[in-house]
Structure formats: C-alpha cells, structure tokens
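Have the sequence and the model open side by side while reading.

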Amino acid sequence: MVQLLISAMLGLLLSTAVLSTVIAAISSHRLRHVTETVQENIALAEYFITKDMSAIGFKSCFEKSPLLINNLSKGPIGSQFEVFLSPLVTKNTYKKSDSVVFTTVANAGSELEGDMATVHAQLDLVSSDQIKKGQEVFITNCDRADLFKVTDISRNRLSHDYSANSDANLSLSYPQGSLVYPLSLIYYKIARGASGQSGLFRKVDGKQYQELIPNVAQFRVELGVYNTQDKTLKYASTAEKLVNIDVVSVRIYLLLSSATPVLSEKMGFKSFTGDIVKAKDLRFYKAFSIVIALRNADYLYNIEHSDVTGKPLAS
Amino acid sequence: MLIIYTILNIVMLRVSPLPVNKQGGSFILLVLVMTGFLAGLSLLGFKNTIQSSKLTAGFINNKLVFSRAQAAMNTAQTHLENTKTQHTDIKSSALSSYMIEKLLLAGADTNTQYYRVTTKGFDQEGLNVVTIQAIIRESDQLVRVSWQQLP
C-alpha cells in the first residue's frame, strides 16, 4: 500500500514536471517563432528598401543639376518632375504613417549604337532588353541629358513620338556611345493586407501594389537634408521646395508586430520619436529603423574624397 | 544490434540466472513514452534552429557578397589609377570580379575620359550574386560620378 502511495506521488510529481516542461517549451517555441518571423520580415523589408533607394538621384555621367535635364516626357515621372529630384513623402491618416514615392534606375542601361541623324531621329541601341514600350528613359552624353517616354521599340530602335512627349525633338542629336537608362517609379505605403492586418506594400511603375511584408503597424520616412550653411545633416519628414537637391539620406522607421497575441503582458517598444511606448495589446512588437545613404548624392562623393568642405550639390 | 543484444542476454542469463521476473514492464514503457516525447520536442526545436540559421545565413551572405562587390569596385578604381585601360579590363577571382570599360563618351574637356565599372560579388556556394555598376570620370583625378545596383 505504502509502495503504491509513494509511486503515485512520484508519478504525479514527475507528470507535473513533464507537463510544465512541455507547456514552457510550447510557449517558448511560439514566442521564438514569432520573433523569428518578425526578424525575417525586417530583413526582407531592409533588402528591398535598401536596394530600391540606394540608387535615388542616379544621373549616370551627367553631373549637372537635374533641373538642367531636358524633360520631354508626359509620363508619371516627367509630369511630376520633382519626384526625379528627391523622394516625395506624404503623410497619411491611416495608422499615422507615411507613403513615399521616388525615381530610381533598377535595370542596367544601354548605349547608342550610332550617332543620331537628327534630334527627332529614332535611337538605335546596342541592346534594348531592359527597356519596355511606354517606359520613361534618361539619355545623356555626360554634357546634356533628356528625359522622354518610349512610344515604340522595334529591333533595339526606340521611338519618342509627340504622342507621349511634349516635343519629339531631343535637345541634341546624341552621339554614338551616349548612355540610355530606363527609369522606374517606386511606391511604398502601408495598407490593409490579405490577413486583415496592415502590411507594407510596394508598387513598381504602373503595376498593382503588392504586399511585401505583413503585420506592419507603422511606416515613417524622413529625408536627411544637408544644410550647406552650418554643414549639418537634419532629418525632416518632408523636404519642402527642393530647389537645391540636398537630400543625402533617407531614414526609414518600421513598427512590426506578431499576427496574434503571444505575450502574457503588454510590452513596450521604441516609437518613431525615440520614446518608449506601451503596446495596446498582447502582440509582440519590434521597432526597426534604418538610415540609407543615397550613393548618388554628391555630398557622399565629396566625403569619399575627403572633401567635406565641398558643396553637396552639382552646380 | 539485435544479435549483440541476444548474445548479451544469453551470457547474462548463464552467468547469473535471475528468478522469474514478476514485473509487467509498465515503468519502462512509461520511460520509453516520455523519452520519445522529449526526443520529439528536441527534434522539433532542432529543425526550427536549422531553418532559422539557414535564413539568417542567407541574409548575412547577401550582405557579405555586397561587401565583396563593393570591395571589387575599390580594387577596380585602384587598377584604373595605376594603369590606363584602353578598351576593356576584366579580372576575376573566386569571390569577386570586375570589368572596366572605356566609354566612347568624352567630356567637353579633351582630357576627360569616362569608364564604366561593373563588379560582382559571390558567395562560396554560388547562390548569392550582387552586381554593382558605377561610372567613373578621369580628369585630374578619378571621381565616381554614379552608382547603381543591378538586379
């Protein structure tokens, strides 16, 4: 009888220990899974945003101010040319977040195979694999530059008719070897995703928005503006009247969360302003901030050449 | 294993013959079930760890490969400083490569020459490749005038 009681007690103790271990393992596994998912989403967002934004301000070998580019295009980039000059940040009421749109060169360029006969002649390229009909294109011979919309492509030959451009004449009969690049307009914003939660969405040119990562509670964008007077860098949510192109970096803030509540008590996270804020629910939150250097900003080249006294702008 | 177990059983029984076993073996059954359960849990954790480390390795590899491409860009620029490229220079190693092309374009100043430098960074497995392209102007000194990452 005593043996039975002892064995029953031992059995109960053992079972309790095993059960508590199992419960702890399950909850730990769930939490780890959530943190890993959030971390992977952060890495994915970082990969896309960095890749897209690093080439903002790309002008190939054209080193003059972008305001000197002969803009002929009636397309989305040409008709709101300020988007070529700097990323445009808009404040939205949804989740008190921002949306951003910018121009970049996502694909490799090509070269003119021969001299243009006239300023309205078609452009014969070495290869036109990366350029599509209807795309806006940047052409330069390093001294002059034009922005126009491609109206037709046939056997590496680009047309730039009056139908999609304000003028069919380019500013110059570009010589052989002139560089031609397809431009892309990229949008980022947060909106309600397929899961019902808000997610980060990305859109390239005229295509549909695609959900890049789910469960994004906030998305904020700040532009790093270089002040030529006191030689300091300040971050502003919107850079007003960007006559001088002095945006040298972009700061992105993302607040990600788990899809479901996983914590036993509400956690605190770092807000956009740097304060610690307590969450409103039991979901796991992770704030993420990244500063992306715009590698085509002239100021950065000056730093590379140890010339920090120079202007960050092309003249 | 089974043969060794049988031999050991026979030997043990001959050396020290035990009285008839009256136990039902329920305890060993319980221990076996528990061990199996815990082993399952450990295996699950092990699988998760492997998966997450693979993902992390992928992201780290990408950054490493990017750094290699960027380092190859600096190497190419140094090569340009030291030697005049006439048409195209290509150099390749196991982890990175670069190609320097002399462009037809020339600036208003006849001393100005432009080069297009394309570099690639690789990882050991050849799964990650990052391609960077820059335009470099050569006049009094070499200046990188544009930068882009290719898909």
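Which residues does A:G268 touch, not counting residues up to four places away in sequence? They are A:I276, A:V277 and A:K278, where touching, or contact, means that the C-beta atoms, placed from the backbone, lie within 7 Å. This is a predicted model, in which local features need pLDDT of at least 70 and side-chain atom pairs count only at pLDDT 80 or more, while totals for chains, interfaces and linings use all residues. Residues are numbered from 1 along each chain as its sequence is written, and chains are lettered from A and ligands numbered from 1 in the order in which they are written.

A:G268 lies in strand β17 (residues 268–270) of chain A. Strands (E, at least two residues) and helices (H or I, at least four) are DSSP runs, numbered from the N terminus. A:G268 counts as exposed because it has 11 C-beta neighbours inside 10 Å. The scale behind that word counts other C-beta atoms, placed from the backbone, within 10 Å of the residue's own: 20 or more is buried, 12 or fewer is exposed, and in between is partly exposed. From A:G268 to A:K280 is 12 residues in sequence and 9.4 Å in space, C-alpha to C-alpha.

Next comes the confidence of the model. The pLDDT is the predictor's confidence in each residue, from 0 to 100. Chain A has a mean pLDDT of 84, with 92% of its residues at 70 or more. Within chain A, strand β12 (residues 198–204) has the highest confidence, at 92, and helix α4 (residues 298–304) the lowest, at a mean of 57. Over residues 308–315 of chain A, pLDDT stays under 50, and the model has 22 contacts beyond four places in sequence for them. Where pLDDT is low, the predicted coordinates should not be read in detail. Chain B averages 79, and 81% of the residues score at least 70. The model as a whole scores ipTM 0.78 and pTM 0.79.

Chain A can be followed from helix α1 (residues 2–53), which has 52 residues. From first C-alpha to last, α1(A) reaches 75 Å, close to the 76 Å expected; the expected span is 1.5 Å times one less than the number of residues. The buried residues of α1(A) are A:V34, A:V38, A:N41, A:A45, A:I49, A:D52 and A:M53. Among the elements that cover them are β3 (98–104), β11 (184–192), β12, β16 and β19 (285–293) of chain A.

One of these, β12(A), pairs with β13(A) in the antiparallel sense over three bridges; two strands pair if DSSP finds at least two bridges between them. A:F201 stands opposite A:E211 of β13(A). Five residues lie between the two strands of this hairpin, where A:D205 takes a positive phi near 50 degrees.

Elsewhere in chain A, three strands form an open antiparallel sheet in the order β5-β9-β8. β5 (123–124) and β8 (152–154) of chain A stand at the edges with a single partner strand each, so one side of each has no neighbour in the sheet. β5(A) and β9 (residues 157–159) of chain A pair over two bridges, and A:L123 has A:L158 as its bridge partner.

The largest nonpolar core has 85 residues. Such a core is a set of buried Ala, Val, Leu, Ile, Met, Phe, Trp, Tyr and Cys residues joined through C-beta atoms within 7 Å. Strand β16 (residues 247–257) of chain A gives the largest share of this core, eight residues. A:L254 is among the residues with the most contacts inside the core. Apart from neighbours within four places in sequence, A:L254 is in contact with A:A45, A:V216, A:F219 and A:F288.

Chain B has two helices and five strands, running α-α-β-β-β-β-β from the N terminus. Of its 151 residues, 21% count as buried. The 57 residues of α2(B) should span 84 Å, and the end C-alpha atoms are 82 Å apart, which agrees. Buried residues in α2(B) include B:V65, B:R68 and B:L80.

Finally, the two chains meet in a contact that takes 29 residues from chain A and 25 from chain B. On the chain B side, α2 (26–82), β2 (96–106), β4 (129–138) and β5 (142–150) each supply at least two residues. The largest share, eight residues, comes from β5(B).
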